[in-house]
Amino acid sequence: MRPVTEIGAAVVGTGFIGVVHVEALRRLGVQVHGVVGSSRERAASRSRELGLPPAYESFEAMLDDRRVEVIHVTSPNHLHHQQARAALEAGKHVVCEKPLAMTSEQSDELVRLAVASGRVNAVNFNIRFYPVLQHLHGLIGQDGLGAVRLVSGHYLQDWLLLDTDWNWRLEPELGGDLRAVADIGSHWMDLTSFLTGKRITGVMADLTTFIATRRQPAGPVETFATDRSAKTIVREIHTEDCATILLRFEGGTKGALTVSQVSPGRKNSLVFEIDGAESAAGWNSEQPDELWIGHRGKPNELLLRDPAIMNADGRRAASLPGGHAEGFADTFKALYAAVYSAVAAGEPGDGYPTFADGHDQMLVCEAVARSARERRWAEVERTAAHRAEVR
Ligand SMILES: NC(=O)c1ccc[n+]([C@@H]2O[C@H](COP(=O)([O-])OP(=O)(O)OC[C@H]3O[C@@H](n4cnc5c(N)ncnc54)[C@H](O)[C@@H]3O)[C@@H](O)[C@H]2O)c1
């Protein structure tokens, strides 16, 4: 197999998460040949800050660079479909940020194109790659909790709490018709499906927009930016700040999820509990090296991330010895280690989320929107072909 250091990549988008992609790729030794952003000036200045080669003149120039085998799409949501499609058509392997597209028709097309191309395709559901969560995936796969009955939890943030908070995600034509659910709820639903090995089959969702008008700054704003422009425009908001969702998983497992981007004090709090017939597991993204395991008839356990005591799945995702904290950025490195091992082999492999998983979340999110609109349970509408593709 080729060494990963011979593989060339390039990144579309130079915002919050584009930089995290670049840094993770460089830690693995992948050659990052450049980035492209919304304007040449901004991409050029970001390239200088990161010590990268000069930014590409355009997305097309990036695709034309024969050294680039893998394209990472980290632009706003409305661009994912067209950029991922163009990259596949140019013969590149593609790592695309979530959500994979704006609609399930688009994500379905991407799955088909990716399969036909034979290229490696991945969706950036990075949270799966916290080492203790990889360990838990292995544990549940070995029936370590007994039959999984109940999955509960939340994903809460506060960065859109004020009516002066603004981001492109608030504009449906850029972010999509669902906001909090598609942006962060999709991570929780993908993660719990991955951990339990059970897809979501039905949802009953209640969506709420508490802040009906916001003041949009006159200039552009990057994600999590805290500076406020003096000049603002009043805009009506139609996407949800919060969601409460009842879930049905395959095999009779039940779930309940709360999602919010307006929860004061919660910066990025993904919490879940998975209750099995014998034991339970719980995790909080703000203490990501700790996995709680609950028992009925013996003392509960707290597993601190440590390659020496985790199973093979957990060990594979860990970069550092126990007691040396790992976090958000490390999950990208672990995810790309799996993706680039497939790229090095020259064909799609195992052990990372694919476009089929991204499409599955699009279908779940569309069921959430349908349920909220029709005020009743909605089934996740999968075709037989798609059911076979998602692991
Ligand atoms: N996996 C994760 O944990 C995670 C976290 C944050 C964001 N994301 C996803 O990443 C994407 C970007 O989010 P962000 O928070 O980094 O946003 P951001 O606003 O911070 O950055 C977006 C970047 O895209 C660039 N861009 C805009 N139009 C472009 C175009 N036509 N061509 C090329 N670049 C263009 C902008 O210049 C900006 O640099 C979103 O789809 C989001 O859902 C994923």
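Colleague: Which residue in β10 does Ala205 stand opposite?
Modeller: Ala205 faces Ile245 there. The model is predicted, with local features needing pLDDT of at least 70 and side-chain atom pairs pLDDT 80 or more, while totals for chains, interfaces and linings use all residues. Numbering starts from 1 along each chain as its sequence is written, and side-chain values use heavy atoms, without hydrogens or water.

Colleague: How many bridges join β7 to β10?
Modeller: Eight, between residues 200-208 and residues 242-249, running antiparallel. Strands are DSSP runs of E, at least two residues, and helices runs of H or I, at least four, numbered from the N terminus; pairing takes at least two DSSP bridges.

Colleague: What is the strand order in the nine-stranded sheet?
Modeller: The sheet is open, with mixed pairing, and reads β15-β14-β13-β12-β6-β11-β10-β7-β16.

Colleague: Which strands does helix α11 lie across?
Modeller: α11 (355-374) lies across β7, β10 and β16, at about 50° to β7. Angles run from 0 to 180 degrees between N-to-C directions of axes fitted to C-alpha atoms, for helices over the stretch in contact, meaning heavy atoms within 4.5 Å.

Colleague: Other topic. What share of the chain is buried?
Modeller: 54% of the 391 residues, buried being under 20% relative accessible area (1.4 Å probe, protein chains only).

Note on methods: Buried < 20%, exposed > 50% of the residue type's maximum accessible area, 1.4 Å probe, protein only.
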